[in-house]
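Subject: Structure handover

Hi,

Here is the structure for you to look over. My notes on it follow below.

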Amino acid sequence: MTAGRTGTIGAMEGSNVSRSQTTLRTKVSIEGVGLHSGHPVRARFCPAPAGHGIVFVRLDHARKAIPARIESASTFDFATTLAVGGISVGTVEHVLSAAFGEGLDNCTIELDGPEVPILDGSSLPFVRLFHAAGFERLNAPVRTLPVTQPVEVSRDGRSVSFRPDGPGLTVTYEIDFPHPVVGRQELTVAIRPDEYSARIAPARTFGFARDVEAMRARGLARGGSLHNAVVLDDEGVLSGPLRFRDEFVRHKILDLLGDLALLGATLDGHIVARRAGHAMHIEFAKALAAAAAAPAHSATREPLTEPTRRRATGRG
Ligand SMILES: [Zn+2]
């Protein structure tokens, strides 16, 4: 039996007309273990002013501040890590996905360890925490990344592309794993808080038992368990029932949104990702940031390259 499936959720209706920036109404905290260290870690979410963005603070490192910015990102063993001045915070993508999906723009996230807790492997616990705190609108408009031309990164049959056909952000993701419960899965979702919390946030990270063993041998994934990931062997799922039959592709969308959160802005357009992962997501986010920084016409390749001009001069 193959599990190839496609679907569309909340397609294209509604739009993100420039909303106000938000923060949390009150401080809230949550505890869990770090995926790699296996150590307990506490995360406390504090309100922050407009323009502050999402900033991690390492309480165990003299309150070192690590802003959730694309310049600070590196990818490491299927997860995204941020580092400033040699101090890092790991496994940031699920909490950042929750912030991006729910429209939380400004927050200080205090941590007493090197990683965000993995919790159940999804972003749902963070979404519930944000809802418990409540959102406060701030007196400043949210920034939309000004990208007016198509952007694409691709390599070895993997790709992520952007077309500036908003309003609002729509994501299409396709994965294809040769595995009886995964197979080919494709999903298109309009990224709005209601769709995000219902359809994307509950989707858990997934991995193969044999990879977990290899990572443990290198001192990684010590906090990984059947309680915080969908764990697969060659035939099936070891960790109990799936939350969605296409939970895998939903989690890929969750991860992509967490990596896009590092842009510190919303997006208007349609992103299509095929068989990508964190490294390519980050590369794509950097390409979007570069496109936003450049005037629209300069991003398209000019036909008049140096050799052409020399030839033209030679003929003249
Ligand atoms: Zn993930």
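What share of the 316 residues in the protein chain is buried? Buried residues come to 41%. A residue is buried if 20 or more other C-beta atoms lie within 10 Å of its own, exposed if 12 or fewer, and partly exposed in between, with C-beta atoms placed from the backbone.

Two points on conventions. Residues are numbered from 1 along each chain as its sequence is written. This is a predicted model, in which local features need pLDDT of at least 70, side-chain atom pairs count only at pLDDT 80 or more, and totals for chains, interfaces and linings use all residues.

Confidence and overall make-up

pLDDT is the predictor's confidence in each residue, from 0 to 100. Its mean over the protein chain is 88, and 87% of the residues reach 70 or more. Two stretches need care. Over residues 10-16 pLDDT stays under 50, and the model has 19 contacts there beyond four places in sequence. Over residues 298-316 pLDDT also stays under 50, with five such contacts. A contact means that the C-beta atoms of two residues, placed from the backbone, lie within 7 Å.

The protein chain has seven helices and 18 strands. These are DSSP runs (helices H or I, at least four residues; strands E, at least two), numbered from the N terminus. Among contacts between residues at least 6 apart in sequence, 77% join residues at least 24 apart.

Helix packing

H1 (residues 93-102) packs on H2 (residues 124-133) at an angle of about 50°, with the axes 8 Å apart. The two helices are therefore oblique to each other. Axes are lines fitted to C-alpha atoms, for helices over the stretch in contact, and angles run from 0 to 180 degrees between N-to-C directions. Under 35 degrees counts as roughly parallel, over 145 as roughly antiparallel, 65 to 115 as roughly perpendicular and the rest as oblique. His94, Val95, Ala98 and Glu102 in H1 meet Phe126, Val127 and Phe130 in H2. By class, that contact has five nonpolar, one polar and one charged residues. The classes: Ala, Val, Leu, Ile, Met, Phe, Trp, Tyr, Cys and Pro are nonpolar, Asp, Glu, Lys and Arg are charged, and the others, Gly among them, are polar.

H1 also packs on H5 (residues 247-260), at about 80° with axes 7 Å apart. That makes H1 roughly perpendicular to H5. On the H1 side, the residues in contact include Glu93, Leu96 and Phe100. Among their partners in H5 are Leu254, Leu257 and Leu260.

Now H2. Its buried residues are Leu124, Pro125, Phe126, Val127, Phe130 and Ala133. They pack against strands E2 (20-24), E3 (28-33) and E4 (40-47), and against H1 and H3 (193-200). Just after H2, Gly134 has a positive phi of about 85°.

Backbone points to check

The peptide bond from Gly166 to Pro167 is cis, with omega near 5°. Pro167 sits in the loop between strand E13 (158-163) and strand E14 (169-177).

Ala62 is not a glycine, yet has a positive phi of about 55°. Its loop runs between strand E5 (54-58) and strand E6 (64-67). Ala62 counts as exposed, with 8 C-beta neighbours inside 10 Å.

Arg275, also not a glycine, has a positive phi of about 55°. Arg275 lies in the loop between strand E18 (269-274) and helix H6 (278-293). It is partly exposed, with 17 other C-beta atoms within 10 Å.

Best wishes
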